[in-house]
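Student: I've got the model open and I'd like to talk it through with you. Shall we begin?

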Amino acid sequence: MKIRSIHNKLIFIYTLYIKYIRYLYTLSIMTYLLIYNTKTRAIEEVKPIRVNKIGFYACGPTVYQYAHIGNFRTYIFEDILKRTLRLLNYKVKHVINITDVGHLTSDENDGEDKIEKEARRQRKTAYEIARFYEKVFKKDIRRLNIEEPDIWARASEHIKEQINLIKILEKKGFTYRISDGIYFDVLRFRKYGELWKTAPKETRARDNITIKEKKNPQDFALWKFSAPSGADPSTIKNFPLRDMQWPSPWGIGFPGWHIECSAMSMKYLGKHFDVHAGGIDHIPVHHTNEIAQSEAASNMPFVNYWVHGNFLLVGGKRMGKSEKNFLTLDELVDKGFDPLDYRYLALTAHYRSPLFFSLDALKSSRNARLHLTTIIQKLYQTKKKISKKESLKFKDDLLETVRVDLDTPKGLALLWSRIEDISINEILWADRIFGLGLNKVKPLKISNKIRNLLKKRDSYRKGKNWKEADIIRLEIKKYGFEIEDSSRGPVLTSLSFS
Ligand code: AMP
Ligand code: ZN
């Protein structure tokens, strides 16, 4: 009996030892992603909290309208971030929230719930509106070849978690009650606003709209009442009946926008996790408030790396739903573009720089993407291969470029500068980062008739009968193919791509 227990202990110690050695080994071979952290205003190595596992939360859409291509710029950069982490051998757990309740028209504490407002306008329920635009959003994500997260988290399905978090904050004295809801008292949180203060100047503007009863303009709603008990009946119109409302310890109502991201990210990724991303507009209010309420509740650091993408601009202005200068993906498709043309365009700018949208720029991206498609089709025909050493060199160089703060413009430039020296294998590998759907490019279907014509042309060319060879070239053109004579023989490209 005793011997058996010693034996078990030894096995246990040995397993721990092996795990520890493995841990040290993983650390020593790990290549880190380098990313600009808004929190420290520096480019840092992303060192995961748990060995080679990354918890990644990205703020998702408010589903009251079609998302525009500005929004998708942010989701594309987040997709590149995730793909790069995966290529660096991290296991990424990715969560995106769906804001289907609580986002008010002023982005802060005032105004109406965006979804309830749209529901009234369209004479539908808030649920119908939210589910409809969520579905369209997910379809657009797929068309842009953005990998779906491991978890989609709807705010309306995490009310219990949000109430629990507010209860903790209440217990710790961070909240107070006014006539329209429960608010977070920012002055009680010593480090309030650190993220916002470290952000670039242009993003520091704060929402000035304030409710008179608030102690401090920056205090924000954790829970809003939709029908406060004892409210003056003449003010009830300020609290119209809503579709989405729930009982809570404080009264019937709905959660504020910021609390959903804290509650859901902590539920799925833990109180302290690795990476949190969004657009730069989220720095001063949404993310600042997320940090305050999460750290106040947990007494722990919330997120290690805050990553923010810059805007898509149109006519020098941010593309936005409220600016009414936006384009949807469907509108681009109606103009004859493939959603992946837009993805290519998004990759041509560094995620921290503004991207100026124009149809001309989109056309250039379309041409570049189609050019890649033709190159792949040619490579299918020539069956070009390169040595393992050359292949590894290309992959290393590309990863090394994108690894440094997700420099996709440099990555694309590298791909183009080496395009003559690589084969399909390397292009498709590069596309594991870029996500341009190049793995879906099929070899050209070349019929026997065309193959025979090519053979005939070849024999004319061998006999230096250029005239007849040219006649066949024209004939093949009628079938929709251009011939290019390469060192490996003639290769065809489809005319429908030019
Ligand atoms: P929303 O649905 O309005 O909450 O926005 C969803 C995401 O899109 C957020 O991460 C925003 O920061 C981002 N976003 C909004 N407008 C733009 C824009 N013009 N360019 C890039 N990202 C944007
Ligand atoms: Zn969020």
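Student: Okay, cysteines to start with: how many disulfides does the count come to?

Tutor: Keep in mind that this is a predicted model. A disulfide is a covalent bond between the sulfur atoms of two cysteines. Here a pair would need its sulfur atoms within 2.5 Å. By that rule, the number of disulfides comes to zero.

Student: Then which protein atoms are the donors of the zinc ion (ligand 2)?

Tutor: Along the chain, the donors of this zinc ion follow the spacing C-x201-C-x24-H. They lie 2.0 to 2.2 Å from the zinc ion (ligand 2), and they are C59 (SG), C261 (SG) and H286 (NE2).

Student: How many residues apart in sequence are the parts that C59 and H286 tie together?

Tutor: Look at where the two donors of the zinc ion (ligand 2) sit. C59 is in the loop between β3 (53-58) and α2, while H286 belongs to helix α8 (residues 283-298), so the pair ties together parts whose separation in sequence is 227 residues.

Student: And are C59 and H286 buried or exposed?

Tutor: The cut-off for buried is under 20% relative accessible area. As for C59 and H286, both are buried.

Student: On to the cavities: what is the volume of the largest cavity?

Tutor: The structure has three cavities of 30 Å³ or more. For the largest of these cavities, the volume is about 90 Å³.

Student: Which helix gives the most to the lining of the largest cavity?

Tutor: The lining includes R73, I76, F77 and I80, along with A346 and L347. Two helices, α2 (69-87) and α10 (339-347), each supply at least two lining residues. The top contributor, with four residues, is α2.

Student: How do the lining residues of that largest cavity divide into nonpolar, polar and charged?

Tutor: Among the residues of the lining are A349, Y351, L406, T408 and R73. Arg counts as charged and Leu as nonpolar. The division is eight nonpolar, one polar and one charged.

Student: T408 is in helix α13 too, so within what arc do the buried residues of α13 fall?

Tutor: Those buried residues are T408, G411, L412, L414 and L415. An α-helix has 3.6 residues a turn, so residues three or four places apart point the same way. Seen down the axis of α13, the buried residues line one face of the helix, because they fall within an arc of 155°.

Student: Which exposed residues does the face of α13 turned away from its buried side carry?

Tutor: The buried side has L412 and L415 among its residues. Turned away from that side is a face with exposed residues, K410 and S417.

Student: How far apart in space are L33 and L81, C-alpha to C-alpha?

Tutor: L33 sits in the loop between α1 (2-29) and β1 (34-37), and L33 is buried, at 1% relative accessible area. L33 and L81 are 48 residues apart in sequence, and their C-alpha to C-alpha distance is 9.0 Å.

Student: Now backbone angles: what is the phi of N89?

Tutor: N89 is in the loop between α2 and β4 (91-98). N89 is exposed, with a relative accessible area of 58%. Its phi is positive in a residue other than glycine, with a value near 75°.

Student: And what is the phi of K464?

Tutor: You'll find K464 in the loop between α15 (448-462) and α16 (466-478). K464 is exposed, with 61% relative accessible area. Although K464 is not a glycine, it has a positive phi of about 55°.

Methods. Residues are numbered from 1 along each chain as its sequence is written. Chains are lettered from A and ligands numbered from 1 in the order in which they are written. This is a predicted model: local features need pLDDT of at least 70, side-chain atom pairs count only at pLDDT 80 or more; totals for chains, interfaces and linings use all residues. Side-chain values use heavy atoms; hydrogens and water are left out. On a 1 Å grid over the protein atoms alone, a cavity is a set of points where a 1.4 Å probe fits but cannot get out, and a pocket is an open set with protein on both sides within 12 Å along at least five of seven lines; lining residues have an atom within 4 Å of a point. Grid points are joined across faces, edges and corners, and a volume is the space filled by probe spheres set on the points. Donors are N, O and S atoms within 2.8 Å of the metal (3.2 Å for Na, K and Ca); water is not among the atoms, so sites may look incomplete. Buried means under 20% relative accessible area, exposed over 50%, partly exposed in between (1.4 Å probe, protein chains only). The arc is that of the directions from the helix axis to the C-beta atoms.
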